[in-house]
Amino acid sequence: MMALGVIGLLVFFLYPLLANLFYSFTNYDLASPPKWIGLRNYSYLFTQDPRVGRAALNTLWFVALLVPVRIACSLGVAMLLTRRKRAAGFWRTLFYVPALVPPVASVVGFVFLFNPGTGPVNTVLRALGVKGPLWFNDPSLAKPSLLLLGVWMMGDLMVIFLAALLDVPRDQYEASALDGAGGWQRFRYVTLPNISPVLFFAAVTGVIAALQYFTEAAVASSVANGKTGIDAGPDQLLGYPDDSLLTYTQWMYVQGFSSFQLGYAAAMAVVLFVAAAAVMAVLLRRAGVFRQKEK
Amino acid sequence: MTLIQPLTRPPAVKRGLTFVAEHALLLALGIIFLVPVVFVALTSFMGGGQTLTGALWPHPWEWSNYARAFGSAPLGRWFGNSLLYAGGSTLFMLLSSVPMAYVLAKVRIRFANLIFFAVIVAMLLPPQVTQVPVYVMWAQLRVVGTLWPLVLPHLFGNAFSVFLLRQFFLTVPDEYADAARMDGNGEWGILTRVMVPMARPGIAAAAVFMFFQCWNDYYGPLLYTSENPARWPVAYGLASFHGSHSTDWGVIMAVTVLATLPVVVVFFFAQRAFVEGITLTGVKG
C-alpha cells in the first residue's frame, strides 16, 4: 500500500515536474510531437506577451493584500472569540460557515449582492443616501471586491488562530498583568511570540495559495460580465473588467488548455514554480516546522 | 496572590464597558457575516422580475424557483457527478493515504525523510506547476472529458491527506503499536486493529476535507470536463448556469443554495472532526 503512495509521487509529481521543464523548451500543441525551440517561450514570456505582465501584477496584488488582510481580520475575530466562554461553539460556527460554501457559489452570490444597479448592497447604500459604486464592474474596484469576499471566507484561518490563541499559557498573561502590561503590550510581548509559528505558517501557505488565485477571479469575471464560462471567448471575457481580474494562472490556463500552446504554458509554469519554491524555501528553512517531536 | 489579585484587576465598571463593547463588536461582525447568506436565500424565493427591482424581501414568495431550477438545469446529473467525484476521490484517498501516513509516522523505513519531504513539497506547490505533463498524460490515455483524471490520482495518495493523517498517527503513543506487535500482529494488523480505530477523528477529518475539496473544486472540472456537459459537477455547472439565465437571479440563487446545502449538512454532522482537523494542520503544521 505504501508503494501506491510512492508511485503516486513519482507519476503525478516528480515526473511531471521534470517533464514540464522539458516541455517549456518546446513548441507543443498535443496534435504533433513537441518541437525543441530552446528559450523562445521564455523570451516571448518576458519581452513580448502583451497580457502576462498585467496578469502577474494582478496576482501580486492578491499576494500583497489578500494574505495580510485575511490574516489580520481572522486573528482579530479569533481574539474576540477566545474571551467568549458561553456560546463559543455558536460564534465559531457562524464565522466558519462561509469558508464551507463552495467558492463558485460564494462568488455568484457576491456578484449578485454587489450588482451595481439592483443588488442589495447598493440598494441599502441608496437608502442611506450614498451612491453605490460599480463593484465587480469597475476595473479599480473588482479586486477590492474580491478582497471582501476573501475576508468573508476567512473561517479556516480563524479556526487555526483560535486554537493557537487558546494554547498560549495563561500564567504568562497573569505574569505580564502583574508587571503592569497593558492590552497592547500583552498582545505584543505574550500573544505574538506564542502564536508566531502559526502566523508564519499561515503567511507562507497564504502566499502560495494567492500565487495560484484562479477560481474566484475567473468566476467573478464571467458572472459580472453576464457571459458563461471562461471558455466562452477568453479574449473578451477573461479578466473582465478591463483585465483587472486576469491572474497569472488564468492566463496560463488560456494559453495551455484553451489555445493549446502547451510549451508556452509549461514555461509559465516554470516561472510560477520558481516563485512558489522561493516562498516555500523560506518555510522549510525554519527547521522543525514540519518535524513534530516524535516521542 | 489573594492580596495582589484585586489590585491588578481592572475596576468593575471598566470591565463591564469592555464586555459590552466586545459583545457589540462581535454581534455587528456576526450580522455582517450572516447577511450575504440571508440575502442569497431570500433572493432564491423572488420572482425574476422582482430581483431586478432592488427589493430586499420576497413578495410574493416564489417557491417554484426551486422546481424551475431542476427544470432548467440537469441538477440531478450535476449532483450525481459531484458525488462520484467527491465520494470516489475520498474512498481512493483513504485506501492509499492511510497506510502511507501510518508508515511515515510509525514504521522505520529507508528514505522515510526523503519521501516525507516530497509529500510536503507536493502539498505546498501550486498544482499548475505540474499541470501540463499531467494533462498530456490524460489526453494520451484519451480520458479527457471523463471524471477519471479527477478521481484516479487519489488512488495513489493525496499529499495533504498524507500529511494530515501522519500528524494524527504521531499523536498515538508507540506503546499501543508495540503491544500489538508483541501479540504477533504484522504492520498491517497494527494499522487496521490498533491505529485506525485510535486515529478515527483524524481519518474522519481527512475524509471530510477531501470530500469538500472535490465537491467545491472548479479548476479540475474546468480543465477536464468542460467540453462534456454530461460530466459537469455542480460547482462547474453553477458557474456556467447564469449565462443562459442571466436575468433570472431568483433561479440562479436557488441553484446556488442547492449547491451549498449538501456541504453544510455534512459539516453539521462532522463538525467536531472537522474543527479538530483544521486545528491540527495549522498548529503543529
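What share of the 295 residues of chain A counts as buried? The share is 54%, where buried stands for under 20% relative accessible area, exposed for over 50% and partly exposed for what falls in between (1.4 Å probe, protein chains only). This is a predicted model, in which local features need pLDDT of at least 70 and side-chain atom pairs count only at pLDDT 80 or more, while totals for chains, interfaces and linings use all residues. Residues are numbered from 1 along each chain as its sequence is written, chains are lettered from A and ligands numbered from 1 in the order in which they are written, and side-chain values use heavy atoms, with hydrogens and water left out.

**Chain A as a whole**

- Chain A contains 14 helices and two strands; helices (H or I, at least four residues) and strands (E, at least two) are DSSP runs, numbered from the N terminus.
- The C-alpha trace of chain A spans about 75 × 60 × 40 Å along its principal axes.
- Among contacts in chain A with a separation of 6 or more, 66% come from residues 24 or more positions apart, a contact being heavy atoms within 4.5 Å.

**Surface and charge of chain A**

- About 12900 Å² of chain A is accessible surface, and carbon and sulfur atoms hold 64% of that; accessible areas come from the Shrake-Rupley method with a 1.4 Å probe, and for residues only the protein chains shown count as cover.
- There are 22 positive and 14 negative side chains in chain A, with 7 Å between the centres of the two sets.
- For that count, Lys and Arg are positive and Asp and Glu negative, with His and the chain ends not counted; each charge is placed at NZ of Lys, CZ of Arg, CG of Asp or CD of Glu.
- Ile7(A), Leu10(A), Val11(A), Leu14(A) and Leu18(A) make a nonpolar surface patch of about 420 Å².
- Patches are made of residues with over 30% relative accessible area and no salt bridge, joining like charges within 9 Å and nonpolar side chains (Val, Leu, Ile, Met, Phe, Trp, Tyr) within 5 Å; a salt bridge is a side-chain nitrogen of Lys or Arg within 4 Å of a carboxyl oxygen of Asp or Glu.
- Leu14(A), one of the patch residues, sits in helix α1 (residues 2–23) of chain A and is partly exposed at a relative accessible area of 41%.
- An α-helix has 3.6 residues a turn, so residues three or four places apart point the same way.

**Buried spots in chain B**

- Gln128(B) belongs to the loop between α6 (112–124) and α7 (131–140) of chain B, and is buried with a relative accessible area of 2%.
- Leaving aside residues up to four places away in sequence, Gln128(B) touches Gln212(A), Thr249(A), Met252(A), Ala269(A), Leu272(A) and Tyr219(B).
- Helix α11 (residues 187–198) of chain B has Gly189(B), Ile190(B), Leu191(B), Val194(B) and Met195(B) buried; their cover includes α5 (75–106), α9 (159–170) and α10 (174–182) of chain B.

**Backbone details worth a look**

- Tyr240(A) and Pro241(A) are joined by a cis peptide bond with omega about 0 degrees, and Pro241(A) is in the loop between α12 (234–237) and α13 (248–258) of chain A.
- Asp242(A), in the loop between α12 and α13 of chain A, is a non-glycine residue with a positive phi near 50 degrees; Asp242(A) is exposed, at 57% relative accessible area.
- Trp135(A) is also not a glycine and has a positive phi of about 45 degrees; Trp135(A) lies in the loop between α6 (120–127) and α7 (142–152) of chain A and is buried, at 15%.
- In chain B, the peptide bond from His59(B) to Pro60(B) is cis, with omega near -5 degrees, and Pro60(B) is in the loop between α3 (48–51) and α4 (64–72).
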